[in-house]
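Here is a short report on one protein structure. It covers the spaces inside the fold, then a helix pair, then the whole chain.

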Amino acid sequence: MIRSILCLLAILGSVSIQAEKITAVGNPWPPFLDPAQSKKGIINEIATAAYATQGYEVEMSFVPWARAIDGVRNATFDILLGTWLTEERTKTLMFSEPYLNNSIKFIKRKGSTFDYSGLESLTGKSIGVVREYGYGDEFLSANNFKRPETKDFIGNIRKLIAGRIDLTLEDEIVARATIAKESPELLNKIEFTKTDYSTNALYVTSGLANAKHKELIEAFNKGLAIIKQNGEYDKILDSLNK
């Protein structure tokens, strides 16, 4: 009898300390999100560390961006990593505190004299974008240039080099890492504008259709504050420079 009670207490104890699992999703976006890395990129590292302080375990999945954001909107997945803020997205997603910034630049064919000097400098051009990416409300509503869509960034690079679009845009760190991994021979065929298009904050988001969306975002915010205070956040970011 005593042995049975002790066994039951041991089982209950193991259950109580077991981390609750959160399903996270994103598209491959090295070095920020990278399925080839053991830690799956620094964004996943930040989210994993922040949520661990609140008793959660993050399970990461990679799918194309449009599927990722739709999956979070309809609560197939709990959280979306690496979200840019747009007014349209606030209608279906709850946003965390910002945790990282991207510096976005236009990418052009090597030898092009174009440099960005405001949206008016894009007049008449064809700018390749990724379907469902958030480039900012002003960019997406402008009517002085075209925005043909593709499903991923490397598709836009191939279209750029083939002359099917004039420009595309992405965080320079992400762009260089993605091209180096998938088609390194293309790196010497492109150039980045000297002037940034924008600096975009990154957020963790959860779909308003998810009954736990507020709990999940609040947990991340609390955990983010903790890992910034204890130095783990800076340690993760330092890995970018190694």
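On a 1 Å grid over the protein atoms alone, a cavity is a set of points where a 1.4 Å probe fits but cannot get out, and a pocket is an open set with protein on both sides within 12 Å along at least five of seven lines; a lining residue has an atom within 4 Å of a point. Grid points join across faces, edges and corners, and a volume is the space filled by probe spheres set on the points.

This is a predicted model: local features need pLDDT of at least 70, side-chain atom pairs count only at pLDDT 80 or more, and totals for chains, interfaces and linings use all residues. Residues are numbered from 1 along each chain as its sequence is written, and side-chain values use heavy atoms, without hydrogens and water.

The whole structure holds one cavity of 30 Å³ or more. Trp29, Trp65, Trp84 and Arg89 are among the residues that line the largest cavity.

The table sets out the volumes and the lining classes. Ala, Val, Leu, Ile, Met, Phe, Trp, Tyr, Cys and Pro count as nonpolar, Asp, Glu, Lys and Arg as charged, and the others, Gly among them, as polar.

| Space | Volume | Lining residues by class |
|---|---|---|
| Largest cavity | about 80 Å³ | six nonpolar, three polar, one charged |
| Largest pocket | about 250 Å³ | 11 nonpolar, two polar, four charged |
| Second largest pocket | about 150 Å³ | three nonpolar, two polar, six charged |

The largest pocket has 17 lining residues; Asn27, Pro28, Lys151, Asp152 and Phe153 lie nearest its centre. Helix H6 gives the most to this lining, with three residues. Helices (H or I, at least four residues) and strands (E, at least two) are DSSP runs, numbered from the N terminus.

The second largest pocket is lined by residues including Arg73, Glu87, Glu88, Arg89 and Asp137. Helix H3 (65-73) and helix H4 (137-141) each give two or more residues to that lining.

How do H5 and H6 meet? The axes of H5 (residues 153-161) and H6 (residues 172-182) come within 10 Å and cross at roughly 80°. H5 and H6 are therefore roughly perpendicular, a label for angles of 65 to 115 degrees. Phe153, Ile154 and Ile157 in H5 meet Ala175, Thr178, Ile179 and Glu182 in H6, where contact means heavy atoms within 4.5 Å.

Now the whole protein. Its secondary structure comes to eight helices and nine strands. Of its 242 residues, 46% count as buried, meaning under 20% relative accessible area with a 1.4 Å probe, protein chains only.

Conventions: Axes are lines fitted to C-alpha atoms, for helices over the stretch in contact, and angles run from 0 to 180 degrees between N-to-C directions. Angles under 35 degrees count as roughly parallel, over 145 as roughly antiparallel, 65 to 115 as roughly perpendicular and the rest as oblique. Buried means under 20% relative accessible area, exposed over 50%, partly exposed in between (1.4 Å probe, protein chains only).
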